[in-house]
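I opened this model to see what could be read from it, and I kept short notes as I went. The entries below follow the order in which I looked things up.

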Amino acid sequence: MSRDESLGVWFLAIGQTAGFAALIYIFGAIILSLEDGSGWTRAELALGPTCALLTQAVLAPFSGRLVDKGYGGSLLGGAAVLGGLCLVLLSQVTALWLWYVLWIVIGVAQAASLYETCFSFLTRRLGPEARKGIIRVTLVAGFASTFAFPLGAWTGATFGWRGAILVFAAVELLVTLPANIFGVRYMRRGERRGGPVVATPKGAVRAVLRKPEFWALAGFFGLLMGNHMMLTTFALLILTERGAAAAVAVLVASTVGPMQVAGRVLLMLGGARIHAGAAARAIAIGMSLASFTLLIATGQVALFLVYAVCQGASIGVQSILRPLLTAEALGQENFGAMSGALAMAPLTASAAAPFLGALLIGAGGVTLLLSVTLVFALGALGMALWLRTRGI
């Protein structure tokens with residue numbers, strides 16, 4: 001990897017960190033001030049980010065195709081502008097229908113600027129060296145929740161939910177946008193190692209859909225992301241209901257981010273010694289343990305920390321494993337379109353998670369929600385065990 005390419009990767013890592021904080025973690029970070037100040041119910045509010053993630057899921061294959069055609073840089077820059085402007089407008093809404101419309105447009109920005117597009121762009125630019133770039137990006141972006149939750153708690157308490165959203169809009173426009181622009185610029189200065197820019201052949205994605213490994217991977221990552229997004233979105237509510245003081249709840253929720261980085265560092269240090277399939281099984285076990293500890297917790301800080309360590313490290317490794325397992329199991333040809341198709345499962349699960357979580361809490365409280373997240377993690381473990389029989 002050349003010096004320019006390395007600089008480009010680090011700029012994109014900053015862009016992903018700020019982008020995830022502003023577009024994904026914002027809802028969970030300001031949910032308490034939203035509930036207090038908006039006048040809308042938890043389920044009504046949660047349907048907004050659900051609409052965004054559904055939109056992202058639907059558009060993921062299309063953004064992947066655009067990356068394959070050479071438009072990855074334009075997507076990363078333009079989507080940051082779109083996301084920031086939508087957040088500015090979101091801070092001023094007074095009607096629930098407009099809340100939903102703006103979240104749908106935010107979903108377009110998510111599809112064009114977050115991990116799937118960034119990783120496909122790196123794969124196109126770096127070829128065999130993309131793994132190094134992806135790991136660097138995820139190491140930095142693991143701090144997105146660590147940045148978002150304290151910022152959301154402070155700005156929500158100080159400025160109210162509208163002011164908090166404006167602060168996150170500033171993060172998107174003043175941090176994500178320039179970081180993505182400089183990242184793309186430096187990447188394009190470097191030596192291009194990927195294959196030529198060509199259109200995705202007709203039938204390429206359909207051929208992948210016929211492989212049972214594709215559906216097993218989709219189920220595995222879908223269940224894990226459904227688990228994680230429910231726990232992340234309602235982390236503060238879950239932790240306080242389980243007996244954590246407000247400050248402790250913010251601290252524990254913020255600790256998940258550094259634990260993501262720790263998990264990625266361990267995977268990086270392990271290198272080729274850590275088999276991808278074994279790592280997949282390990283993270284499913286880790287996320288099962290995380291949900292179980294919250295399920296039995298009654299105010300014990302030690303159990304809250306076990307949750308943060310297991311959940312953070314596991315989901316952190318998952319972020320790296322998704323593109324790597326995709327390339328290993330399905331190949332690198334037409335990677336953008338193929339990974340975009342696979343991403344529909346975890347993105348759809350992520351989309352349903354906030355709204356489903358709100359319904360579960362309303363129907364049976366936090367205990368019911370945690371029971372469902374545990375079932376999701378155990379289901380993912382079952383998928384990982386099946387993949388082992390296929391040599392993955």
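This is a predicted model: local features need pLDDT of at least 70, side-chain atom pairs count only at pLDDT 80 or more; totals for chains, interfaces and linings use all residues.

**Entry: the nonpolar core.** Which residues touch the most other members of the largest nonpolar core? I found Leu 87, Trp 99, Leu 122, Phe 168, Phe 220 and Leu 369, in a core of 123 residues. Helix H15 (residues 335-389) gives the largest share of this core, 16 residues. I then picked Phe 220 and set aside its neighbours within four places in sequence. What remains in contact with Phe 220 is Ala 280, Ile 283, Ala 284, Ala 380, Met 383 and Ala 384.

**Entry: Gln 311.** I found Gln 311 in helix H14 (residues 301-330). Is this residue, Gln 311, buried or exposed? Its relative accessibility is 0%, so Gln 311 counts as buried. Its side chain makes a polar contact of 3.2 Å with the side chain of His 228. Not counting residues up to four places away in sequence, Gln 311 touches Asn 227, His 228, Leu 231, Met 287 and Ala 290.

**Entry: aromatic pairs.** I counted 12 aromatic pairs. I wrote out the pair of Tyr 25 and Phe 149: the ring centres are 6.4 Å apart and the planes stand at 50°, so the pair is tilted. Tyr 25 sits in the loop between H1 and H2 and Phe 149 in helix H8, so I logged this as a link between distant parts of the chain, 124 residues apart. Both Tyr 25 and Phe 149 are buried.

I wrote out a second pair, Trp 99 with Trp 161, which is edge-to-face. The centres are 6.2 Å apart, with 80° between the planes. Trp 99 lies in helix H5 and Trp 161 in helix H8, so the pair ties together parts that are 62 residues apart in sequence. Trp 99 and Trp 161 are both buried.

I also noted a cluster: ring pairs link Phe 20, Tyr 25, Tyr 115, Phe 119 and Phe 149.

**Entry: salt bridges.** How many salt bridges does a search of the whole structure find? The search gives 2. One joins Arg 42 and Glu 35, with the closest N and O atoms 2.6 Å apart. Arg 42 is partly exposed, with a relative accessible area of 28%, and Glu 35 counts as partly exposed at 22%.

Glu 241 and Arg 242 also meet in a salt bridge through their side chains, at 2.9 Å from N to O. Glu 241 is partly exposed, with a relative accessible area of 44%. Arg 242 has 10% relative accessibility and therefore counts as buried, the cut-off for buried being under 20%.

Definitions and conventions:
Residues are numbered from 1 along each chain as its sequence is written. Side-chain values use heavy atoms; hydrogens and water are left out. A nonpolar core is a set of buried Ala, Val, Leu, Ile, Met, Phe, Trp, Tyr and Cys residues joined through side-chain atoms within 4.5 Å. Buried means under 20% relative accessible area, exposed over 50%, partly exposed in between (1.4 Å probe, protein chains only). Helices (H or I, at least four residues) and strands (E, at least two) are DSSP runs, numbered from the N terminus. Contact means heavy atoms within 4.5 Å. A polar contact is a pair of N or O atoms within 3.5 Å; within protein, one must be able to donate a hydrogen and the other to accept it, and residues adjacent in sequence count only if both atoms are side-chain atoms. Rings of Phe, Tyr and Trp (its six-membered ring) pair if their centres lie within 6.5 Å; planes under 30 degrees apart count as stacked, over 60 as edge-to-face and the rest as tilted. A salt bridge is a side-chain nitrogen of Lys or Arg within 4 Å of a carboxyl oxygen of Asp or Glu.
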